[in-house]
Amino acid sequence: DYMFIGEYHHSIDDKGRLIIPSKFREELGEKFIITRGIENCLFAYSEESWNKIVNKLETLPFTKKDARQFVRFFLSGASEAEFDKQGRINVTSPLVTYANIKKECVVIGAGERIEIWSKESWDDFFTSAKDSMSDIAENLFNESVNI
């Protein structure tokens, strides 16, 4: 399985078009899914990864309120995207609004997905997270894992 990695800075234009790095384009495929992510960024998945997630979501008990709310949140924001000849995607206006995107964007690889952040949100996240990263790492990994 391919892992998306790296950080790229691009601007979104007035028509909501955003360049996706060529490295990511190959792996996302011709058609892929973009949706509301967690923490006010956008998540984009290849169709294959997206189908895996949808299959997992379908196993959640719809009798649980959290499950219903997450499924609504995640799937209602989803849309199919494809690249134009310049390697741009069209980000729908509800997604632009949700991620608070004005002009500058940060596109990062995050394992099985890419994330699209407004530069301001990414800077805020990064500044607040970097100081606590050693504590976070300690909580996530036991001593047997060396990073």
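**Group meeting talk: a walk through the predicted model**

Let me start with one residue. Setting aside neighbours within four places in sequence, Ile38 is in contact with Phe43, Phe70 and Tyr98. Contact here means heavy atoms within 4.5 Å.

Some ground rules. This is a predicted model, so to speak: local features need pLDDT of at least 70, side-chain atom pairs count only at pLDDT 80 or more, and totals for chains, interfaces and linings use all residues. Residues are numbered from 1 along each chain as its sequence is written, and side-chain values use heavy atoms, with hydrogens and water left out.

Back to Ile38. Where is Ile38 placed? In the loop between E3 and E4. Ile38 counts as partly exposed, at 42% relative accessibility. On that scale, buried means under 20% relative accessible area, exposed means over 50%, and partly exposed is in between, with a 1.4 Å probe and protein chains only. Now look along the chain. Asp123 is 85 residues from Ile38 in sequence, and their C-alpha atoms are 16 Å apart in space.

Asn40 is partly exposed, with a relative accessible area of 39%.

Now the whole fold. The protein has five helices and eight strands. These are DSSP runs, numbered from the N terminus: helices are H or I with at least four residues, strands are E with at least two. In sequence order the pattern reads β-β-α-β-β-α-α-β-β-α-β-β-α. The radius of gyration is 16 Å, close to the 15 Å that the globule rule gives for 147 residues, so the protein is as compact as a globular protein of that length. That radius is taken over C-alpha atoms, and the rule is 2.2 Å times the number of residues to the power 0.38. Along its principal axes, the C-alpha trace spans about 50 × 40 × 30 Å.

Buried residues make up 35% of the 147 residues. Among contacts with a separation of 6 or more, 64% come from residues 24 or more positions apart. The protein exposes about 9500 Å², and carbon and sulfur atoms supply 52% of that area. Those areas come from the Shrake-Rupley method with a 1.4 Å probe.

Val107 is in strand E7 (residues 104-110). Val107 counts as buried, at 0% relative accessibility. What does Val107 touch, not counting residues up to four places away in sequence? Gly6, Glu7, Tyr8, Leu18, Pro21, Phe24, Ile114, Glu115 and Ile116. Ser76 is 31 residues from Val107 in sequence and 22 Å from it in space, C-alpha to C-alpha.

Then Phe74, in helix H3 (residues 65-76). Phe74 is buried too, at 2% relative accessibility. Beyond the residues up to four places away, Phe74 touches Thr35, Arg36, Phe43, Tyr45, Trp50, Ile53 and Leu57. Phe43 is also a contact of Ile38. Trp117 is 43 residues from Phe74 along the chain, with 17 Å between the C-alpha atoms.

For contrast, take Asp14. Asp14 lies in the loop between strand E1 (7-11) and strand E2 (17-19). At 83% relative accessibility, Asp14 counts as exposed. The C-alpha atoms of Asp14 and Phe43 are separated by 21 Å, at 29 residues apart along the chain.

Cysteines now. A disulfide is a covalent bond between the sulfur atoms of two cysteines. Cys41 counts as buried, at 1% relative accessibility. Cys105 is buried as well, with a relative accessible area of 1%.
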